[in-house]
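Hello,

Here is the structure for you to look over. My notes follow below it.

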Amino acid sequence: CNHFFECSLISGLVFFIAVGLLCRSFVCPAMSVSPSAVQKKRQDGYESRILCIGAGYVGGPTMAVIAYKCHDVKVTVFDVFKPRIDAWNSNELPIYEPGLDELVRERRGKNLFFTTDAPEAIKEADIIFMSVNTPTKTHGIGQGRAADLAYIEASARMIASVIKSGRKIVVEKSTVPVRCSVAIEKVLTACSRENTAKFDVLSNPEFLAEGTAIKDLLNPDRVLIGCQPTPTGREACEALCQIYQKWVPRERIITTNQWSSELTKLAANAFLAQRLSSINSISAVCEATGADVDEVARAMGMDSRIGPKFLKASVGFGGSCFQKDILNLVYLCHSLGLKEVGDYWYSVIEMNDYQRRRFTETIVHTMFDTVTAKKIAVLGFAFKKDTGDTRETSAIPVCASLLEDGALLSVYDPKVK
C-alpha cells in the first residue's frame, strides 16, 4: 500500500511538472477584467444575440442551456449539414443527452433557433461561438497526432467574409492546440483587410462529460475564459462573463490569458485519462494476485489527496476527447522539444490500448482459447452510458478482434443508431 501511495503521489507530481514545463514555453501574464457597460435591450426585446457555428455534441447542448437561462438573449445555432439542423428542429434530436430534449422543446422558437443561413446569423450576432470538430489529422504534417484545424479556419474565413464593419466577439469553444486563438485572429485580420471590421477572440473551452452534459452546464465546477490583456480584450471577456453570470456564481468564472485557457483544456483531459489508465493498470495487477480492484479503488479514493472520481476500472476510455486531446498534447510537447514530457503522456494511450487487448485475450482464453463460430452478445456499444456516441469507443477494437478470431457477434445498444 505504501508503495502504491508513493506511486500515486509521484504520478501527480509528474503531471504538474509536465504542465509546468509546457507553461514555461508560453508567456502567461496575470489577467484582470474590467467591467463593461450594460447593454441596452433592442427593439425586438433581446439584450444580445449569440451565434454558434456547429450543432454537435458541444454546440447544441451549450446553446440550449444558454437559451434556457438567458431569455433576453437570442441564441442561434448554425450548421452546414442540413439534415442535422432539420433534426434539431424536429421531435427527434440528432444526439441523445439526458435533459436536453426538455430544454430544446422549452426554448425552441422563442429565443433558441437552428438554421443553415450563416450570413444573416453572423451579421446580427454580437458573440459568435466556434464549436466545430477538430479531429486528429489523418494526413500531412502531424498525421496521427496534431489537431486538424480545417473547420476552425473555414469558420473564421466565413465570419470575416460576412462582417465588413463594427466589432465582433469570436469565442473559441472547440478544443484546440495552444495559441490557436492567435491563428484565428490572423485569419480574421487577413480576410478583413479591405474593410473596417474588428474582432476580439476569446478562449472558452468546454468541460462537459457526455451523459451528464446538461447537469454540467447548469451547475459547472468552473467556467474558463481566456482573453487578450488589452482594453478591448477585457471588454469582450466581460461581455461573455455577463452571459454566464446569469446562472453561474462569479467566483466560478475564471479569467486567464488565451494560451493558459487553451492549455488547461488539454491538461484537464490528459489528467482524467491518466487516472483511468492508472486504475486499469492496477486492475491487471489485481487479477494476477487475487486482489479486488473495486475494493482497492474504494480504499484509495477515501484518501482526500486522491479522491474517488475516475477510479472505476474498465475496458478502457473512449469518446471523442481523451485520446484526441492527449495526442494533441503529445504533438505539442514534441514540437516544443519536450520529448520526455510527450513520451510520458503517450504512455497513457499505450496503457489504454493494452487494457483493450487484455480484455479481448481474457475472453478468448476463458472460452478454451477459441471463439470461432461461438455466439457472443455485446450489450452496449457507445463509449459510456447515457449517450449514443460511439467515437473511439472501446467496443470497436474489442468487437473487431473477436470478429477476426471468428466469433459471431450480436450487438445491442438502445441509444446507438
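In helix α2, the buried residues are Gly 59, Gly 60, Pro 61, Thr 62, Met 63, Ala 64, Val 65, Ile 66 and Ala 67. That is nine of the eleven residues in α2 (residues 59-69), so the helix is mostly covered, given that buried means under 20% relative accessible area. Please keep in mind that this is a predicted model.

Start with strand β4, residues 127-130. Ile 127 and Phe 129 point one way from β4, while Ile 128 and Met 130 point the other way. Every one of these four is buried, whichever way it points.

β4 pairs with strand β1 (residues 48-53) in the parallel sense, over four bridges. Here Ile 50 stands opposite Ile 127 of β4. β4 also pairs with strand β5 (residues 167-172), again parallel and over four bridges. In this pairing Phe 129 sits opposite Val 171 of β5. Between β4 and β5 the chain passes through helix α6 (residues 150-162), and this β-α-β crossover is right-handed.

**Strands β9 and β10**

Further along, strand β9 (residues 375-379) and strand β10 (residues 408-412) make a parallel pair with five bridges. Leu 379 stands opposite Tyr 412 in β10. With helix α14 (residues 395-404), β9 and β10 form a β-α-β unit, which is right-handed.

**The cavity**

How many cavities of 30 Å³ or more does the structure hold? It holds one. The largest cavity has about 40 Å³ of space. Its lining is made up of Glu 172, Ser 174, Thr 175, Val 176, Ser 203, Asn 204, Pro 205, Ser 261, Glu 262 and Lys 265. By class, the lining has two nonpolar, five polar and three charged residues. Helix α10 (residues 258-289) gives the largest share of this lining, with three residues.

**Cysteines**

There are zero disulfides in the structure. Cys 52 is buried, because its relative accessibility is 1%. Cys 321 counts as partly exposed, because its relative accessibility is 22%.

**Val 187**

Val 187 belongs to helix α7 (residues 180-190). Is Val 187 buried or exposed? With a relative accessible area of 16%, Val 187 falls under the 20% cut-off, so it is buried. Val 187 and Ala 154 lie 33 residues apart in sequence. In space, their C-alpha atoms are 9.4 Å apart.

Most residues other than glycine have a negative phi. Two residues to check go against that.

- Phe 310 has a phi near 60°, a positive value in a residue other than glycine. Phe 310 is in the loop between α11 (293-301) and α12 (322-335). Its relative accessibility is 34%, so Phe 310 counts as partly exposed.
- Asp 369 has a phi near 65°, also positive and also in a residue other than glycine. The loop that holds Asp 369 runs between α13 (339-366) and β9. Asp 369 counts as exposed, because its relative accessibility is 54% and the cut-off is over 50%.

Best wishes

How values were computed. Residues numbered from 1 in each chain as written. Predicted model: local features only at pLDDT ≥ 70, side-chain atom pairs only at ≥ 80, totals over all residues. Heavy atoms only, no water. 1 Å grid on protein atoms, 1.4 Å probe; cavity = no way out; pocket = protein on both sides within 12 Å on 5 of 7 lines; lining within 4 Å. Points joined across faces, edges and corners; volume = space filled by probe spheres on them. Helix = DSSP H or I, 4+ residues; strand = E, 2+ residues; numbered from the N terminus. Nonpolar A, V, L, I, M, F, W, Y, C, P; charged D, E, K, R; others polar. Disulfide = S-S within 2.5 Å. Buried < 20%, exposed > 50% of the residue type's maximum accessible area, 1.4 Å probe, protein only. Pairing = 2+ DSSP bridges. Right-handed = clockwise from strand over helix to strand, strands pointing away.
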